[in-house]
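Reader: I would like to go through this structure and ask what the terms used for it rest on.

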Amino acid sequence: MASNLLHVLPPKGLLQPLAVPERLLLGPGPSNVPPRILAAGGRQLLGPMHPEVLQVMDDIKVGIQYAFQTQNQLTLAISGSGHCAIEAALLNLVEHGDPVLVAVNGIWGQRAADIARRLGASVHELLKPPGEYFTPWDIEEVSAGHGAGPWVQAGPGVSHLPLCFTQGLIRHKPSVLFITHGESSTGVLQPLEGLGKLCHRHGCLLLVDAVASLGGAPIFMDQQEIDILYSGSQKVLNAPPGSAPISFSERARKKILRRKTKPPSFYLDMHWLANYWGCDGEPRRYHHTAPINSFFSLREGLAMLAELGLENSWEHHRVNCAQLCQGLRDLGLELFVKEEVTRLPTITTVRVPEGYNWKEIIAFLTDNYAIDISGGLGPSEGKVLRIGLMGCNSTSRNVDRVLHALQDALRCCHHSKL
């Protein structure tokens with residue numbers, strides 16, 4: 001008789017076994033998860049306040065400090081992806097009306113600006129075409145509010161005008177500058193040297209996105225005077241997505257403490273998270289049920305990075321990226337980022353060959369070689385192919401595999417020429 005009460009039947013799909021294809025993930029992320037990290041994530045659960053879990057969290061903290069090269073006490077992992085870390089950084093730092101400057105040369109600057117606007121910030125954008133990077137001069141012109149040359153935008157519906165015509169939009173110094181170290185949508189590695197010192201000279205905090213670059217390119221949080229730095233678990237660290245390393249300098253921590261209003265999110269409130277992660281010197285209190293198995297995986301990803309050594313990891317990614325870039329040139333493909341020093345070692349972008357359908361090239365690699373690469377994203381959509389070599393996926397053998405597959409695709413996809 002109870003069955004007559006059910007109007008929704010068991011879904012047929014859920015009555016079938018789970019099917020997940022085996023593919024070599026050479027796109028912009030996530031990366032393939034090595035057996036050691038898979039095994040860690042498959043451990044039996046414990047509660048969020050069990051001492052063994054708190055010890056894992058302590059291991060993660062020191063691992064992040066090593067990976068970031070920082071001694072910041074306020075260092076932890078957000079229970080969420082890299083997007084969640086952007087939100088956590090901005091909503092803890094920014095209050096309604098605060099001026100925020102966002103360096104936009106790809107999708108991550110665009111999204112940071114969107115998030116800041118949703119928080120009620122007064123957002124100004126410093127724009128560069130996809131594939132280009134920012135110089136300290138570019139940043140200082142906007143931060144100081146004078147001069148001409150860079151192009152800015154102050155919000156939806158405002159035209160992109162030369163700075164000399166829009167000085168009124170930036171007459172107040174920004175409280176925060178957002179910039180992306182590894183712009184995964186375009187393949188740009190943003191030089192950071194001098195930006196922290198420059199920001200502090202103008203009373204501004206430097207917020208850096210290192211989701212795609214951490215472990216694959218040098219970054220020195222303390223030495224480069226970065227105030228807020230965050231990354232993700234699923235790229236060079238080779239862990240599943242769902243946890244995001246983040247760290248705040250003492251300057252940033254004090255700004256959070258000086259807030260006039262509470263952060264608009266309880267889940268991402270850094271006062272609560274700092275306590276749960278043991279960053280405030282107080283007895284730890286339950287805040288939320290953390291993704292415990294994701295923390296197990298992140299812990300092992302950081303352990304593997306520590307065992308390899310940061311400098312070895314940076315060199316490893318540099319060498320394999322150089323091999324890939326040369327191989328792509330040998331195939332007649334054009335690299336999207338012109339200057340070698342500003343090419344992101346973890347994600348290489350090439351222009352879609354003229355007359356070819358980029359979707360068919362990607363599908364050919366998937367169908368014939370079980371290799372996943374990706375097209376462009378945001379401002380690079382339809383313009384580039386993105387090939388990722390991150391963490392354990394960054395090997396000379398994988399470079400050879402993807403180059404061979406691309407060579408075959410360029411030969412066999414002639415029917416898709418326009």
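Author: This is a predicted model, in which local features need pLDDT of at least 70, side-chain atom pairs count only at pLDDT 80 or more, and totals for chains, interfaces and linings use all residues. Residues are numbered from 1 along each chain as its sequence is written, and side-chain values use heavy atoms, without hydrogens and water.

Reader: What share of the contacts in the chain with a separation of 6 or more is between residues 24 or more positions apart?

Author: The share is 70%, where contact means heavy atoms within 4.5 Å.

Reader: Why is Ser247 called buried?

Author: Buried means under 20% relative accessible area, exposed over 50%, and partly exposed in between (1.4 Å probe, protein chains only). Ser247 has 0% relative accessibility, so it counts as buried. Of the 418 residues of the chain, 56% count as buried.

Reader: What does the side chain of Ser247 make with the side chain of Asn72?

Author: A polar contact, at 3.1 Å. The term stands for a pair of N or O atoms within 3.5 Å; within protein, one must be able to donate a hydrogen and the other to accept it, and residues adjacent in sequence count only if both atoms are side-chain atoms. Asn72 is also among the residues in contact with Ser247, including Phe68 and Thr70.

Definitions and conventions
Lists of a residue's contacts leave out its neighbours within four places in sequence.
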